[in-house]
Amino acid sequence: MPDPMRIRAQVTGDKATVRVLMAHEMETGQRKDAAGKPIPAWFIQEVSATHNGKPVLAAQWGPSVSKNPFLQFVVKGAKAGDKIAISWKDNRGETRTDEAVVS
Amino acid sequence: MKLKPVLAASAIALIAASVPAQEKSAADGIAEYRKMLEDGNPAELFEAKGEALWKRKRGPKNASMEACDLGKGPGVVKGAFVELPRWFADTNKVQDLESRLLTCMERLQGLDPKTVTDERFGRGEQANMEGLVAWISAESRGMKMNLPTSHPEEKRLYELGKRAFYFRGGTHDFSCASCHGEDGKRIRLQDLPNLTHNPGNGVGFAAWPAYRVSSGELWSMQRRLNDCFRQQRFPFPGYASEVTIALASFMGINAKGAESIAPSIKR
């Protein structure tokens, strides 16, 4: 199973800033290994976020996103105690979902 | 007699004035870049992995690492990092964090240390080690380096480390001190800490382990030293070998009182 994400969600005024660190290799498919063979592409393709179960963000990612990506966004109307869930799916079909409580 | 300090002071002022303004702004730029990255330091991912590994039952003995004594008693993690390397009675050796973890893995979990020491950095058990050092160092974040120096072995390792630090050799006739023996030196745009005295809070010894953005890896002090040996064109030191622990003792004792920010983030 993929390693967990780190999610922090903090309220400032009437919105919450969500910061997410994802653990992923994000191989572009352009690199070659020591033997000269191409390293197969392996990257996150879909990212989605929900606020108390309601979708608030959907993104399509490609191989140009860095290894161990960092994502930050703002959710309007989020209050302390609300739940923020993040999911990703990579091109191998692996997925990971993690949840955090807004503080 | 009174003239001397005045002369010295004016000489310093002249040197300060002749330093080009550009150099400072480049260093400031790097500092700003690090500040921006700090917010999302991927070392946190390694910390999470390390904490889980510490508590997970593994190995032939199906045991966790929770009974491991890092110097402050079995299972005490907080504050242990800033007092390593130190002498341990049960092994009668001065050990750094990595070599101590090897002892615990072997004694508690029954894992062969060779699964770590013979592995390449970043793979298999080496990757597990990186997680462990990230988490253990993070538990002492903000604390001050305070290595014990009372045991004769600790003194011996410090002296050995000092010798290794100043030892010149290899095709380039390099020593550690060639790059890390003076203030204000740089390699490309990176400031090189002067490790012959306390380089300051969160600099040098007090900044490692660290996440390297350029390679997307977490480097322990063992790996940092291994790469220093490579840059000097020295033969690679054995993982957790005595010379690496001696160098860590030398740097760690010199850094007494410096605030540890490990695991930090590097370009």
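Trainee: Which residue is the bridge partner of Ala16(A) in β5(A)?

Mentor: That's Val75(A). Before we zoom out, keep in mind that this is a predicted model, where local features need pLDDT of at least 70 and side-chain atom pairs count only at pLDDT 80 or more, while totals for chains, interfaces and linings use all residues. As for labels, residues are numbered from 1 along each chain as its sequence is written, and chains are lettered from A and ligands numbered from 1 in the order in which they are written.

Back to your pair. The pairing belongs to an open, antiparallel sheet of 3 strands, in the order β1-β2-β5. Since β1 (6–12) and β5 (70–76) of chain A are at the edges with a single partner strand each, one side of each has no neighbour in the sheet. From one strand to the next, the twist averages 15°; angles run from 0 to 180 degrees between N-to-C directions, and axes are lines fitted to C-alpha atoms, for helices over the stretch in contact.

Chain A has another open sheet, with 4 antiparallel strands in the order β4-β3-β6-β7. Its edge strands, β4 (54–60) and β7 (95–101) of chain A, each pair on one side only, and the twist here averages 15° per step between strands. Within it, 6 bridges tie β3 (residues 44–51) of chain A to β4(A), again antiparallel, with Ser48(A) bridging to Ala58(A). So much for the sheets: chain A has 7 strands and 0 helices, and its C-alpha trace spans about 55 × 20 × 20 Å along the principal axes.

Where chain A meets chain B, 9 residues of chain A and 8 residues of chain B take part, a contact meaning C-beta atoms, placed from the backbone, within 7 Å. The chain A side has 4 nonpolar, 1 polar and 4 charged residues; Ala, Val, Leu, Ile, Met, Phe, Trp, Tyr, Cys and Pro count as nonpolar, Asp, Glu, Lys and Arg as charged, and the others, Gly among them, as polar.

α7 (residues 152–166) and α10 (residues 242–254) of chain B pack at about 95°, axes 7 Å apart, which makes α7(B) roughly perpendicular to α10(B) (under 35 degrees is roughly parallel, over 145 roughly antiparallel, 65 to 115 roughly perpendicular, the rest oblique). Residues in that contact include Leu157(B) and Phe165(B) from α7(B), and Ile245(B) and Phe250(B) from α10(B). By class, the contact holds 11 nonpolar, 2 polar and 2 charged residues.

On confidence, the model scores ipTM 0.72 and pTM 0.81. Chain B has a mean pLDDT of 87, with 91% of its residues at 70 or more; pLDDT is the predictor's confidence in each residue, from 0 to 100. Residues 6–21 of chain B stay under 50, and the model gives them 0 contacts beyond four places in sequence.

How values were computed: Two residues are in contact if their C-beta atoms, placed from the backbone, lie within 7 Å. Helices (H or I, at least four residues) and strands (E, at least two) are DSSP runs, numbered from the N terminus. Two strands pair if DSSP finds at least two bridges between them.
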